[in-house]
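Subject: Structure handover

Hello,

Here is the structure we talked about, with its sequence. My notes on what turned up in it follow below.

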Amino acid sequence: MTTKAIDRVSGAQSAEAVPATALRSRHLLGIAGLDAGEITLILDTTEAMKEIAARPIKKVPTLRGRTVVNLFFEPSTRTRTSFEIAEKRLSADTLSIATATSSVTKGETLIDTVKNIEAMAPDMIVMRHASSGAPHLLSRICRSAIINAGDGTHEHPTQALLDAFTIREHKGRLAGLKVAIVGDLLHSRVLRSNALLLNTMGAEVWACGPATLMPAGVEQLGLRPTTVVEEAVRDADVVMLLRIQHERMHGHFFPSVREYFALFGMTRERLTLAKPDVIVMHPGPMNRGVEIDSDVADGPFSVILEQVSNGVAVRMAVLYLLAGGAQVHDEGS
Amino acid sequence: MRKLLLKGGRVIDPANGRDGMFDVLVDGGVIARVGRDLPAEGAEVFEVGRGLIVVPGLIDIHVHLREPGQEHKETIASGTASAVAGGFTAVACMPNTEPINDHAGITQFILKKAAEANLARVYPIGAVSIGSKGDQLSELGEQKSAGCVAFSDDGRPVATALLMRRALEYAGMLGMPVIDHCEDPSLKGDGVAHEGLHASALGLRGIPGVAESIMVERDVSLAELTGAHVHVAHMSARQSLRAVRDGKERGVKVTCEVAPHHFTLTDEALDGAVKYDTNFKMNPPLRETLDRDAMLEGIVDGSVDVIATDHAPHHADEKMVEFDRAPFGIVGLETAVPITFDRLVHSGKITLGRMIELLSVNPARVLGLPGGSLGEGVPADITVLAPDRMVTVSAGALRSKSRNTPFDGWQLRGGVAATIVAGRVVYSEEGGR
């Protein structure tokens, strides 16, 4: 992924990339495997899917007869709900398994757990796991299509896709935009997926956070690092905040939540440095008063709830495309 | 005891300044004569094939044999079978078994099992502290009497500077080295890969090179203070090499070893065609190119004393898990010679003589072991190398009980033709043992 990331930074991929006609991989393990054409295809397909949500009967038969298992080894409300709604709107048979009810607590390995589920012949497995690379491990042994719904601190591809879709809706493009990502860079899978996607599409991505949370090799990931939030936000088209996780709040990473907010918190005042039509994003869940002030979260520039809405459409698009891109039929009308 | 005559090979014996076509006569388990055209005189003749090289038996001073306690990974029998197949006539085994080898009784058990296996010589390394917990010194004197050749809490560093100081003083009194797994636990944290671009890209928690070097620096200072001998295990970071060089220049008794994977691979391997392959997970981790190149440089310029494998067998089930849950370590006994030949000798970085120093002469010197020499009267531990043999590494064909090698499928030039311990052929390519 890394050399590609570098190529992408220097290579100035066109944002007006011609959409691909299909995805090359049968899995969605990360943004790392996607080129600009594939990303454009997913975003274009999302537009069609979004239209379905506006209908009185929000359901199409596209995935009828297909079984999708949502396998969540890490707690998640938003992403799991979003996938479940997306699956149901496409008429898939769905089943969600959360860690608390899984065999993992009984000492079974991940591979055995998934092989058992596979023995019941699902078509796709949507997976969230605390270990980076867990979906990659499974993709080597599974027959089902694997969709990565977040692996450790590695990638969260559908989040980056819904972020890109939301940005594109507002800005009409991705190329040439200045996107400032502020927060816990070190532990963020959202950062890694967004860095890959936005670089591929020709945006300029800034990464801002305390030096203690700056990943090694940050520039080679295609990011412009800064520890000065004003520098990141200045003239930004998009400001994206990353969650500061509770377990990081009491370690060596920064002295206190209070100081974090003072140095990096997104306030209305700081936001005035950005472009007048800036949009503010957050993958959620938010810590109000830590990485983002309520004034900003609920303010006129915030598109945070739009991101959530778009998440369903993006996941419908991904499910649809990985299922083979069959014609989307109308059932309701 | 029967006689054996190795006939017709090129003998390289740096300890005795010998490099040429010689016959080697073994009698009673020791080397009786080295000379040209020796008569058989009733000895069994071992015809050394064309292009093969007769060298003092190779010694791997960093091996995990897993017995007692983890026999599903390796046993002393399977580990020594792996050793002789890899050309090693002797191995020194680390004490992190279950229970930890912190007691003469366990040392005796290991030696008994090794005698039963009757393949490679086994030199146990005793734990520095009871349970390798870093609190109280083990009975180092008793362990020495039982047969330990060095002390280490390997798998963990010697926990505190004070304990390391005392261990060096006490082991120094016994004339023994302390081998340290140098790693600052707080800097290592719960890291699983070298801190750098690839760990960042893959979302793996990083271990910086200085987690190692900071403790190498501590140990060099303490070796200087105490006048005792510290040996740095599995060195991987360029900063550590600098610390060792500085120590050596000041006359400190510090030696170090590098594992084949650390002079061959880099952390980029984690982000290859197959990502998150746990056969690339070891501790210390594969580091970046600058570090790998520094290890090569140290091997070439003499700063590195020893090549040792850190042979760390793990069961396939233990490795087929999420990357951050997999145990650290790879097997190394059967790939060390092909890698060393291919990457160091045939690439022109080092001479054959230097290779033998790194794999035989210096390991013997560092741990004060017999061996490393083909001088008359010394135990007849001999390795016959096949420098031009093309070897395709096959994990499934390893003699080790475990298969966790990152080199599966690699094609390498250079192998082992035969291994002879105390005058007895314990492995030969033709014999197919």
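**The interface between the chains**

Across the interface of chain A and chain B, the rule finds zero salt bridges. Please keep in mind that this is a predicted model. What the interface does have is polar contact: eight residue pairs, both partners at pLDDT 80 or more, meet that way between chain A and chain B. On the side of chain A that touches chain B, the elements giving two or more residues are α4 (110-118) and α5 (134-139) of chain A. The largest share of that side, three residues, comes from α5(A). By type, the residues on this side of chain A divide into 10 nonpolar, 10 polar and three charged.

The size of an interface is often given as the accessible area lost when the parts come together. Here the area buried between chain A and chain B is about 1700 Å², and carbon and sulfur atoms give 60% of it. Chain A puts 23 residues into the contact and chain B puts in 19 residues.

**Nonpolar cores**

The largest nonpolar core counts 91 residues, and those with the most contacts inside it are B:Leu204, B:Met235, B:Phe263, B:Met355 and B:Leu385. To give an idea of the surroundings of B:Phe263, leaving aside residues up to four places away in sequence, the residues it touches include B:Val258, B:Met295, B:Leu296, B:Ile299, B:Ile307, B:Ile339 and B:Leu344. B:Thr340, B:Arg292 and B:Arg343 are also among the residues that B:Phe263 touches. There is a second, separate core of 70 residues, which includes A:Ile42, A:Leu198, A:Val303 and A:Met316.

**A buried threonine**

A:Thr200 sits in helix α7 (residues 189-200) of chain A. Is its position buried or exposed? The relative accessible area of A:Thr200 is 0%, so this residue counts as buried. A polar atom of the A:Thr200 side chain lies 2.7 Å from the backbone oxygen of A:Leu196.

**Salt bridges**

Side chains of opposite charge can pair when their charged atoms come close. Over all chains, a search of the whole structure finds 42 salt bridges.

- B:Glu318 and B:Lys73 meet through their side chains in a salt bridge (3.1 Å, N to O). B:Glu318 lies in helix α11 (residues 316-319) of chain B and B:Lys73 in the loop between β6 (58-63) and α1 (76-85) of chain B, so this pair ties together parts that are 245 residues apart in sequence. B:Glu318 is partly exposed at 24% relative accessibility, whereas B:Lys73 is buried at 6%.
- B:Glu429 and B:Arg389 form a salt bridge between their side chains (2.4 Å, N to O). Because B:Glu429 lies in the segment after β18 (424-428) of chain B and B:Arg389 in strand β16 (residues 382-392) of chain B, the pair ties together parts that are 40 residues apart in sequence. B:Glu429 is partly exposed, with 28% relative accessibility, and B:Arg389 is partly exposed, with 29%.
- B:Asp293 and B:Arg292 also meet in a side-chain salt bridge (3.0 Å, N to O). B:Asp293 is partly exposed, at a relative accessible area of 35%. B:Arg292 is one of the residues that B:Phe263 touches.
- In chain A, a network of salt bridges links A:Arg24, A:Asp35 and A:Glu38.

Regards

Notes
Residues are numbered from 1 along each chain as its sequence is written. Chains are lettered from A and ligands numbered from 1 in the order in which they are written. Side-chain values use heavy atoms; hydrogens and water are left out. Contact means heavy atoms within 4.5 Å. Buried area is the accessible area (1.4 Å probe) that two parts lose on being put together, summed over both. A salt bridge is a side-chain nitrogen of Lys or Arg within 4 Å of a carboxyl oxygen of Asp or Glu. A polar contact is a pair of N or O atoms within 3.5 Å; within protein, one must be able to donate a hydrogen and the other to accept it, and residues adjacent in sequence count only if both atoms are side-chain atoms. Helices (H or I, at least four residues) and strands (E, at least two) are DSSP runs, numbered from the N terminus. Ala, Val, Leu, Ile, Met, Phe, Trp, Tyr, Cys and Pro count as nonpolar, Asp, Glu, Lys and Arg as charged, and the others, Gly among them, as polar. A nonpolar core is a set of buried Ala, Val, Leu, Ile, Met, Phe, Trp, Tyr and Cys residues joined through side-chain atoms within 4.5 Å. Buried means under 20% relative accessible area, exposed over 50%, partly exposed in between (1.4 Å probe, protein chains only).
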